[in-house]
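User: I have a structure to go through. Please answer my questions on it one at a time.

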Amino acid sequence: MTTLSRKCVPFTPFDGELSRATVAVVTAGGVHLKDQEPFNISDELGDLTFRVIPADVDSSQLMVTHHHYDHSDADEDINVVFPLDVLRDLQREDFIRDIAKKHIGYMGYTMQLKAMYEGTAPEIANEIDRGSRADVVVLTGG
Amino acid sequence: MRGIPTVLITVSPEVSAQMRPPRALYPKGFKVGNSLGRPGMRELQRRVLRDALLLLKENTRPGSFVTREYPEYGEQYEPPRVRNK
C-alpha cells in the first residue's frame, strides 16, 4: 500500500456540486445496529472491527457501544454523532442528491494505531468506494 | 482506488489534528459526544451538516480546520487537549 509521510495531508478535491452528490457517513463514535455485534469494550487495546449501516435503517434501530466518551446524548438522539436523519432532511431540501447505500460505524479508540491505519481504515475506504456509491464522506467522532 | 473527498466534523480539533484530516469543521464550544449539536436540535444539526458539506466547495488548504460558532447551542465547553504534547 501507499505509505504517506508523517507530514503529508491526503487531500482529494471535490469538483462536483453538492446538489448532485451522494453522501456517506463514517463515524468513529461506536455506532451500530442493535442487532449487530457490539464493539468489544473489554479489550484494553480497542476493537479494530467496523459495522456497515444500510441507508434505509430506522435510526431508532441504532445504538452506541463506546467507553471513551459520554454517549448519553447519542443514546437520546443518534444524530448528534451519526447524522443520518439530518442527511435525509438535506436530501428533502435538495441540498444533496442522495444518501449512500452504506455507512460505517467503528469505535474510534485503539492502542493499535498501526493496525487501524493499515488494516481497518483501507477496509472502510474499500467498503465506501465499492459498496456505497458515495461521492463525498462526512466523518464524525464522538 | 480513487480518492473520495471527506470532511470531518470534530469537537476535539487538537486531538483530531494528529490524524491530519484533509478538511475539518470545528463547531466551537460543542462538548464531546455532540458533534452535530444537542439531542433534538434538528435545525442546528442541519446547519452544522450543511456547513461541513459546504467546506468541500471552499478552496481550503489541505489540513485546515475551520471554526464556526453556533450561539444557539447554548452552554459552551472547552475542547479536550492533547496530553504529553
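User: Among contacts in chain B between residues at least 6 apart in sequence, what percentage join residues at least 24 apart?

Analyst: This is a predicted model, in which local features need pLDDT of at least 70, side-chain atom pairs count only at pLDDT 80 or more, and totals for chains, interfaces and linings use all residues. Residues are numbered from 1 along each chain as its sequence is written, while chains are lettered from A and ligands numbered from 1 in the order in which they are written. Two residues are in contact if their C-beta atoms, placed from the backbone, lie within 7 Å. Among the contacts in chain B between residues at least 6 apart in sequence, the share joining residues at least 24 apart is 62%.

User: In what order do the elements of chain B run from the N terminus on?

Analyst: Helices (H or I, at least four residues) and strands (E, at least two) are DSSP runs, numbered from the N terminus. Chain B has two helices and three strands. From the N terminus on, the order is β-α-β-α-β.

User: Which strand of chain A gives the most to the side of chain A that touches chain B?

Analyst: The contact takes 36 residues from chain A and 35 residues from chain B. Helix 1 (72–76), helix 2 (84–92), helix 3 (113–132) and strand 7 (136–140) of chain A each supply at least two residues of chain A's side. The element that gives the most, with five residues, is strand 7 of chain A.

User: Which residue of strand 1 of chain B is the bridge partner of A:Val138?

Analyst: Two strands pair if DSSP finds at least two bridges between them. Strand 7 of chain A and strand 1 (residues 6–9) of chain B pair in the parallel sense, over four bridges. Within chain A, A:Val138 of strand 7 stands opposite A:Val25. In strand 1 of chain B, the bridge partner of A:Val138 is B:Val7.

User: How many bridges join strand 1 of chain A to strand 7 of chain A?

Analyst: Strand 1 of chain A pairs in the parallel sense with strand 5 of chain A over two bridges. Strand 1 of chain A also pairs in the parallel sense with strand 6 of chain A, over two bridges. Strand 1 and strand 7 of chain A run parallel too, and the number of bridges joining them is five.

User: Within what arc do the buried residues of helix 2 of chain A fall?

Analyst: A residue is buried if 20 or more other C-beta atoms lie within 10 Å of its own, exposed if 12 or fewer, and partly exposed in between, with C-beta atoms placed from the backbone. The buried residues of helix 2 of chain A are A:Leu84, A:Val86, A:Leu87 and A:Leu90. They line one face of the helix, because the directions from the helix axis to their C-beta atoms fall within an arc of 155 degrees.

User: Is A:Gln61 buried or partly exposed?

Analyst: A:Gln61 lies in the loop between strand 3 (50–54) and strand 4 (62–64) of chain A. Leaving aside neighbours within four places in sequence, A:Gln61 is in contact with A:Leu33 and A:Lys34. With 13 other C-beta atoms within 10 Å, A:Gln61 is partly exposed.
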